[in-house]
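This briefing is meant to be read beside the sequence and the 3D view. Please keep both open, and follow each topic in turn.

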Amino acid sequence: MREPVSLDKRAFLKVVALWLFGAIGMFFAWGAVRFAFFSAGKTRVREFSSEVLHKMEPGVPLHLPEPAAWLLKNTDGTLVALDDRCTHLGCRQKWNPDRKLFECPCHGSEFDSEGSVKRGPATRPIEKLTVSVESDRIRLTAKPQGPS
Ligand code: FES
């Protein structure tokens, strides 16, 4: 036969449970606050070797997995960089050379080579990155996004 749990034991377990759930709640609340306030408004910089310029053909975007971006050299030699994530829910777009469009494999959004939306569900253009070439390095800078 089981011994009845004493009131003191129950009270102790309640306090332990409250502390445990409180600690878990604080952990998730801190993560949400950090995400909302500390990641917003930061400028993100991605750097890589300028050797990739030798691999590029004008008008054909080159995917750079490490900086997570597409780099495009126009026929006039200017460089355009686009984030490689879809603005719908963040999947990585793929370049379709036949259609000259970025296609998102997740829900079918399409973007032209400048990042403008050609087909939804995405409604915002692909984020453009500022490109600067410094001797042997290329620097891509993402400006902080405002509310959309
Ligand atoms: S994530 Fe690209 S269309 Fe949904």
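Strand β7 (residues 110-111) and β8 pair in the antiparallel sense over 2 bridges, where two strands count as paired if DSSP finds at least two bridges between them. Within this pairing, Glu 110 has Arg 119 of β8 as its bridge partner. The model is predicted, so local features are given only at pLDDT of at least 70 and side-chain atom pairs only at pLDDT 80 or more, while totals for chains, interfaces and linings use all residues. Residue numbers start from 1 along each chain, following the sequence as it is written.

**Overall make-up**

- The protein has 1 helix and 10 strands, where helices (H or I, at least four residues) and strands (E, at least two) are DSSP runs numbered from the N terminus.
- Read from the N terminus, the order of the elements is α-β-β-β-β-β-β-β-β-β-β.
- Of the 148 residues, 16% count as buried; a residue is buried if 20 or more other C-beta atoms lie within 10 Å of its own, exposed if 12 or fewer, and partly exposed in between, with C-beta atoms placed from the backbone.
- Among the contacts with a separation of 6 or more, 35% are accounted for by residues 24 or more positions apart, a contact being two residues whose C-beta atoms, placed from the backbone, lie within 7 Å.

**The sheet of 4 strands**

- The pairing of β7 with β8 belongs to an open sheet of 4 strands, which has the order β5-β6-β7-β8 and antiparallel pairing.
- Its edge strands are β5 and β8, each of which pairs on one side only.

**The sheet of 6 strands**

- Another open sheet has 6 strands in the order β1-β10-β9-β4-β3-β2, again with antiparallel pairing.
- Because β1 (44-49) and β2 (62-64) stand at the edges with a single partner strand each, one side of each is left without a neighbour in the sheet.
- On average, and with direction ignored, neighbouring strands of this sheet are turned by 30° against each other; the axes are lines fitted to C-alpha atoms, for helices over the stretch in contact, and angles run from 0 to 180 degrees between N-to-C directions.
- β2 and strand β3 (residues 69-73) are joined in the antiparallel sense by 3 bridges, and the bridge partner of His 63 in β3 is Trp 70.
- Strand β4 (residues 79-83) runs antiparallel to β9, with 2 bridges between them; here Ala 81 has Leu 129 of β9 as its bridge partner.
- β9 and β10 pair in the antiparallel sense over 5 bridges, and Thr 130 stands opposite Thr 141 in β10.

**The nonpolar core**

- The largest nonpolar core has 12 residues in all, including Trp 70, Ala 81, Leu 129 and Ile 138; such a core is a set of buried Ala, Val, Leu, Ile, Met, Phe, Trp, Tyr and Cys residues joined through C-beta atoms within 7 Å.
- At least two residues of this core are supplied by each of β3, β4 and β10, and the largest share, 4 residues, comes from β3.
- In soluble globular proteins, nonpolar side chains tend to be buried together.
- Setting aside neighbours within four places in sequence, Ile 138 is in contact with Glu 47, Phe 48, Ser 50, Val 131 and Val 133.

- Most residues other than glycine have a negative phi, and most peptide bonds are trans.
- A cis peptide bond, with omega of about 20°, joins Gly 120 and Pro 121, and Pro 121 lies in the loop between β8 (117-119) and β9 (128-134).
- Lys 100 has a positive phi of about 50° although it is not a glycine; Lys 100 is found in the loop between β5 (94-96) and β6 (101-103), and counts as exposed because it has 12 C-beta neighbours inside 10 Å.
- Ser 135 takes a positive phi near 45° in the hairpin of β9 and β10, which has 2 residues between the strands, and Ser 135 is exposed, with 5 other C-beta atoms within 10 Å.
- Asp 136 also lies in the loop between β9 and β10, and with 8 C-beta neighbours inside 10 Å Asp 136 counts as exposed.
- Leaving out residues up to four places away in sequence, Asp 136 touches Ser 49 and Ser 50; Asp 136 and Ser 50 are 86 residues apart in sequence, yet 5.1 Å apart in space, C-alpha to C-alpha.
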